[in-house]
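Have a look at the sequence and the model, then read on.

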Amino acid sequence: MDKKTLINETGYYINISKDNYINEQTALKSDLIGLKIFDDPLIGFADVNDSYFNKLRNDEVIGRNFVLPKEWNYTAKTVISLFFPFTQKIKEANKDNKNWPSLEWLHGRIEGQKLINEICSHIKKYLEENGYKTVVPCIDKRFSTKSPIETNTNDEKYYTSNWSERHIAYICGLGTFGLSKGLITAKGMAGRLGSLITDGYFEPDKRNYTEIYEYCILCGKCAKNCPGDAITIEQGKIHSKCNIFLDKVREKHKPWYGCGKCQVNVPCENGIPIIITRKNGA
Ligand code: B12
Ligand code: SF4
Ligand code: SF4
C-alpha cells in the first residue's frame, strides 16, 4: 500500500463519518446540531527505528515511562501521526468569551476525541485487512497517563503518559512545540492528534526543523489569553495551573471539559506563524 492510498482513506473517512457532526442526542444546545468537528487531517510518517524515539526516554523529555514503538508492536516498521484541525466554526466560537470555553470547543474536546479513536480504529482495521498488524497506543489497554514516580498534582512530572501524541507528531515531521506546549503544525495548533504503529512500510517524512520550539515566535499571545494564568514567556506552560482551570470547567460542564484559549486568537492558530521583519523605515 502506498501513502497516498492511506491518506485518501483517512480523508474520505473523516468526510463521510456521521460522527464528524454533532447529533441531536449529544448537542449541548439545539443550534449545535450538525456542527462539523474536524477538517481534513495532516498525516506524518516515521521509521520505528528513528533514533529520536529513544531520546524520549530521557527524564527531561518524557522519561522512562515512554514505551517505544517496537514495544507496542515488535514487528512494526512505521509510526503514523495524524493531526485533525478543528473547523473554523469551533475555533471562532471559542474566541467570544475570554473566561470560559465555548460549547462548540467542549464538543471538539469530547466528541472530537471519540471520533479520533473511531478513525484510528478504522485505519487499523483497513491496514490489517491489507495484512499489516497495527496498534493504536492511546486506545490500547497498555496506555497509561499515570506518572511512574511518586508525584502529586502540583508536580509537573505528574502530567505525563507512556505515549505522548505531540512528541510522536514532532518525530513524524508534523511540527514543533510552542510556548503553550501545544504542537504547531502547518494547519496550526487548534486541533487534536492521534497515531498508529504498523507493520506496513511507509517512507518516513522529512522533519523541516531542528529545534523543538522552532515554529513558535514567542509572541506571548497564548499567555495573555490563558484564563488559568498557566503560561508565561519566562517559564512556558505550567501543567498544574492549566489542570486547575480545566477542573473548574469540569465542575461547570460535567462530563464535558476543555479550554483551548491558548490555541485560538493566536498567530499559531491556523498555521506556522511568521515573524514579520520590518525593513528600515517601513
Ligand atoms: C496529560 C495531558 C494533559 C495535561 C498536561 C499537558 C501536557 N502538555 O503534557 C493537562 C491536563 C494539563 C492537559 C491540558 C490540555 N491538553 Co492535554 N493531554 C495530555 C496527554 C493525555 C498526555 C501528555 C503527555 O504525555 N505529556 C508528556 C510531557 C512530558 O509533555 P511535556 O511536558 O509537554 O513535554 C515537554 C518536554 O518533553 C520538552 N522537551 C525537553 N527536551 C526535549 C527534547 C525533544 C527531542 C522533545 C521532542 C521535547 C523535549 O518539550 C515538551 C514541551 O515543552 C495528551 C494525549 C497524549 N497521549 O499525548 C493530551 C494532549 C497533549 N492535550 C491536548 C490538548 C488540546 C489539551 C488542552 C488544550 C485541553 C483542551 N482540549 O481544551 C489543554 C492545554 C494543552 C497545552 N497547552 O499543552 C492535545 C494537544 C494538541 C496539540 N495541538 O498540541 C493532546 C495531544 C491530546 C490529543 N489527542 O490531541 N493535557
Ligand atoms: S501564541 Fe505565540 S508564543 Fe504562544 S505558542 Fe503561539 S506563537 Fe508561540
Ligand atoms: S488550555 Fe486554557 S488554562 Fe490550559 S494553558 Fe491553554 S489557555 Fe491556559
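Of the protein's 282 residues, 51% count as buried, where buried means under 20% relative accessible area, exposed means over 50%, and partly exposed is in between (1.4 Å probe, protein chains only). This is a predicted model, so local features need pLDDT of at least 70 and side-chain atom pairs count only at pLDDT 80 or more, while totals for chains, interfaces and linings use all residues. Residues are numbered from 1 along each chain as its sequence is written, and side-chain values use heavy atoms, with hydrogens and water left out.

**Overall build**

- You'll find 8 helices and 8 strands here; helices (H or I, at least four residues) and strands (E, at least two) are DSSP runs, numbered from the N terminus.
- The radius of gyration is 19 Å, close to the 19 Å that the globule rule gives for 282 residues, so the protein is as compact as a globular protein of that length. That radius is taken over C-alpha atoms, and the rule is 2.2 Å times the number of residues to the power 0.38.
- Along the principal axes, the C-alpha atoms fill a box of roughly 50 × 50 × 45 Å.
- Take the contacts (heavy atoms within 4.5 Å) between residues at least 6 apart in sequence: 75% of them join residues at least 24 apart.

- On a 1 Å grid over the protein atoms alone, a cavity is a set of points where a 1.4 Å probe fits but cannot get out, a pocket is an open set with protein on both sides within 12 Å along at least five of seven lines, and lining residues have an atom within 4 Å of a point.
- Grid points are joined across faces, edges and corners, and a volume is the space filled by probe spheres set on the points.
- There are 2 cavities of 30 Å³ or more.
- The largest cavity holds about 100 Å³, and of its 15 lining residues, Ile184, Cys216, Cys219, Cys222 and Cys268 lie nearest its centre.
- That lining has 12 nonpolar, 3 polar and no charged residues; Ala, Val, Leu, Ile, Met, Phe, Trp, Tyr, Cys and Pro count as nonpolar, Asp, Glu, Lys and Arg as charged, and the others, Gly among them, as polar.
- The second largest cavity has a volume of about 40 Å³, and α5 gives the most to its lining, with 4 residues.

**Spots to look at**

- Thr26 sits in the loop between α1 (3-16) and β1 (42-47), and is partly exposed, with a relative accessible area of 23%.
- Leaving aside neighbours within four places in sequence, Thr26 touches His107, Glu111 and Trp256.
- Most residues other than glycine have a negative phi, and most peptide bonds are trans.
- Lys181, in the loop between β4 (175-177) and β5 (183-185), has a positive phi of about 75 degrees although it isn't a glycine.
- The peptide bond from Lys254 to Pro255 is cis, with omega near 0 degrees.

Definitions and conventions:
Chains are lettered from A and ligands numbered from 1 in the order in which they are written.
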